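The sequence and structure come first.

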Amino acid sequence: MRFAWSEEDGVTPERIARPAIYSFWHQCIFPAATLFRGQGIGVMTSLSFDGEFIARIIEKLGFRAVRGSSSHGAVGALLGMRREVEAGEAVAFTIDGPRGPRYVAKPGPVLLAQATGAPMAVFHIALEKAWVLKSWDATRIPKPFSKALLRVSRAVRVAAEADERTMKAQHAELQSALERVRDFAEAHVGAVGTTEFPIVESARLRREMQHPETRGL
């Protein structure tokens, strides 16, 4: 894929902030796994047989599997994600997984941000050319040499003393941010390769994600 990186105002000063809590739609899992492989990001996976299979794959790709999901072992998995964040790591949620409904954010990142004080942000990867599966999430598999635009939201923090009303507002903001970056990326992916959205060589981008002085999320 030919990636371009785009970000809103207010992102953290690193490509990948550590510690930090990221969220993205389940349909972006293939391009996200390609772009962020080898970065040691913690990803929640199911306790099911399928989850075990997925966990082994993502660990070979350089992610850290945190076992559990919203339907199996959710409490244990959230505690595992908390341990990752408190150890200074970045974690990521496929936020409408594992079974949907599509484009409906679950509250896990907001709860984790409140418990840890780590910043919360979202991203979306739009593909110019992709195979779209007939699955609940319309999973997209990038076609060879497709252009891809990553759009990253500004960072948000959740106060430890946030009450129920504030938590609901933060959850609504999470949903809004996910929709905002998706709409932006999908609208502008055709412009990848222009001066506004220059292509960044993937290997170079992965190296830059390891350096805190690099601009980006």
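Does R151 count as buried or exposed, and at what relative accessibility? R151 counts as buried because its relative accessibility is 12%, where buried means under 20% relative accessible area, exposed over 50% and partly exposed in between (1.4 Å probe, protein chains only). This is a predicted model: local features need pLDDT of at least 70, side-chain atom pairs count only at pLDDT 80 or more, and totals for chains, interfaces and linings use all residues. Residues are numbered from 1 along each chain as its sequence is written, and side-chain values use heavy atoms, with hydrogens and water left out.

- R151 is found in strand β9; strands (E, at least two residues) and helices (H or I, at least four) are DSSP runs numbered from the N terminus.
- Its contacts (heavy atoms within 4.5 Å), leaving aside neighbours within four places in sequence, include E8, V122, V181 and F184.
- The side chains of R151 and S6 are joined at 2.6 Å by a polar contact, a pair of N or O atoms within 3.5 Å; within protein, one must be able to donate a hydrogen and the other to accept it, and residues adjacent in sequence count only if both atoms are side-chain atoms.
- The R151 side chain also reaches the backbone oxygen of E7, at 3.3 Å.

**Helix α5**
- Buried residues of α5 include M167, L174, L178 and V181.
- These buried residues of α5 pack against β2 (20-24), α4 (108-116), β6 (120-127) and β9 (147-152).

- L150 touches residues including W5, L35, F36 and I125, not counting residues up to four places away in sequence.
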